[in-house]
Amino acid sequence: MENLIFCLNATMPIFITMVLGWVFRQIGLMDDQFVTKLNKFVFTAALPCMLFEDMAEADFTGLWNGRFVAFCVTVTLLGVLGAVVMSLLVKDRTIRGEFTQAAFRSNTAILGIAFIQNIYGSSGIAPLMLICSVPFYNVFAVLVLSFMKPNREKLGKDLMAQTLKGIVTNPIILGVAVGLVWSLLSLPRPEILMKSVHNLGVLATPLGLMAMGASFQGSKALAKIRPALGCTLIRLVGISAAALPLAAMLGFRDQQLVAILVMTGSSSAVSCFIMAKNMGHEGVLTSSVVMMTTLGSAFTLTAWLYVLRMAGLV
């Protein structure tokens with residue numbers, strides 16, 4: 001019950017902030033033009049700053065664990081491939097990119113450290129888990145959303161060059177890359193710079209959530225309920241069911257196993273919607289999956305943790 005209450009405290013504010021966006025839209029505080037600009041602001045400014053801060057402040061050398069990193073990277077890659085394969089079962093080709101991204105990309109940055117701190121009293125291995133997942137999630141999200149774009153032309157030299165340029169100049173990729181280089185080179189982090197970056201980055205989650213809620217369209221969401229449910233099942237249950245037994249067999253325990261649980265079984269990342277919307281996708285399926293996984297993860301994470309504890313693994 002204690003873990004369930006913790007999970008609800010972590011996930012319900014996220015859901016409520018999305019609902020507030022919908023309410024603000026209904027009472028006229030937000031309109032289409034405002035929501036479009038809000039999405040663009042989060043995508044091009046706030047989210048890259050948040051990712052830069054996460055990467056720049058991570059201690060790569062102090063936390064390094066080769067086996068853990070290799071396992072997390074492998075699980076991430078297999079999760080992406082599995083999501084792509086499962087998306088082929090979706091009849092509507094225009095939402096396959098959204099389905100894939102929402103299925104493999106978890107909310108590790110927001111829930112990961114808090115979840116591990118609640119159980120063990122310190123963040124421990126969580127920053128290393130973020131290093132393993134955040135860069136790969138963002139790179140593969142850009143690739144998936146670029147190559148599985150609705151109404152995309154046949155792949156030729158011009159389109160390939162345009163797509164690659166879009167990937168290289170993507171604000172999310174740039175934020176991760178610059179932060180990664182900053183950390184690896186141990187460049188100075190002046191307080192004025194980092195506080196300014198933080199002030200921008202901290203806006204990404206609440207503004208992105210409200211934009212998502214304001215963009216939510218009930219009738220369109222109901223029309224996509226089957227793929228949304230399938231995607232939710234993969235995100236909260238499918239990847240974890242494959243990864244956790246393998247992790248236990250390989251000897252991962254306690255904080256490492258909980259970090260793997262968070263990476264494979266937490267809700268779809270809020271940034272899924274922001275990226276989908278800004279890269280030519282409708283975003284309806286993504287917003288539905290984020291809402292459903294956010295609510296569902298409080299119960300599924302608790303259930304997974306209960307199973308791991310009963311097995312004596314954490």
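Biologist: What percentage of the 314 residues of the chain count as buried?

Modeller: In this predicted model, 52% of the 314 residues count as buried. The cut-off for that word is a relative accessible area under 20%.

Biologist: What makes S271 a buried residue?

Modeller: The relative accessibility of S271 is 11%, and buried means under 20%, so S271 counts as buried. S271 is found in helix α15, residues 271-278. Leaving out residues up to four places away in sequence, S271 touches L47, Q101 and R105.

Biologist: Why does M210 count as buried?

Modeller: M210 has a relative accessibility of 16%; the limit is under 20%, and M210 is therefore buried. The residue lies in helix α11. Apart from neighbours within four places in sequence, M210 is in contact with T17, G21, F24 and M30. M30 is 180 residues away along the chain, yet the C-alpha atoms of M210 and M30 are separated by 9.7 Å.

Biologist: Why is S186 called exposed?

Modeller: Exposed means over 50%, and S186 stands at 62% relative accessibility, so the term applies. S186 is placed in the loop between α9 (171-184) and α10 (191-201). Its phi is near 50 degrees, a positive value in a residue other than glycine.

Biologist: Why is D254 described as partly exposed?

Modeller: The relative accessibility of D254 is 38%, which falls between the 20% and 50% limits, and D254 therefore counts as partly exposed. D254 belongs to helix α14, residues 254-265. Phi of D254 is also near 50 degrees, positive although the residue is not glycine.

Biologist: How many helices and strands does the chain have?

Modeller: The chain has 16 helices and zero strands.

Biologist: How do you know that the span of helix α4 agrees with its number of residues?

Modeller: Helix α4 has 22 residues, 66-87, and at 1.5 Å a residue should span 32 Å; its end C-alpha atoms are 32 Å apart, so the two values agree. At the start of α4, a side-chain oxygen of N65 comes to within 3.3 Å of the backbone nitrogen of R67. The buried residues of α4 include F68, F71, V75, V80 and S87.

Biologist: Which values describe the packing of α13 and α16?

Modeller: The axes of helix α13 (residues 225-249) and helix α16 (residues 284-310) come within 8 Å and cross at roughly 35 degrees. The crossing of α13 and α16 is right-handed. P227, L229, L236 and L244 are among the α13 residues at this meeting, and α16 contributes residues including L285, M292, G296 and W304.

Biologist: What share of contacts between residues at least 6 apart in sequence joins residues at least 24 apart?

Modeller: Of those contacts in the chain, 85% join residues at least 24 apart.

Terms used. Residues numbered from 1 in each chain as written. Predicted model: local features only at pLDDT ≥ 70, side-chain atom pairs only at ≥ 80, totals over all residues. Heavy atoms only, no water. Helix = DSSP H or I, 4+ residues; strand = E, 2+ residues; numbered from the N terminus. Expected span 1.5 Å × (residues − 1). Buried < 20%, exposed > 50% of the residue type's maximum accessible area, 1.4 Å probe, protein only. Polar contact = N/O pair within 3.5 Å; in protein donor to acceptor, adjacent residues only side chain to side chain. Contact = heavy atoms within 4.5 Å. Axes fitted to C-alpha atoms, helices over the stretch in contact; angles between N-to-C directions. Left-handed = near helix turned anticlockwise from the far one by under 90°.
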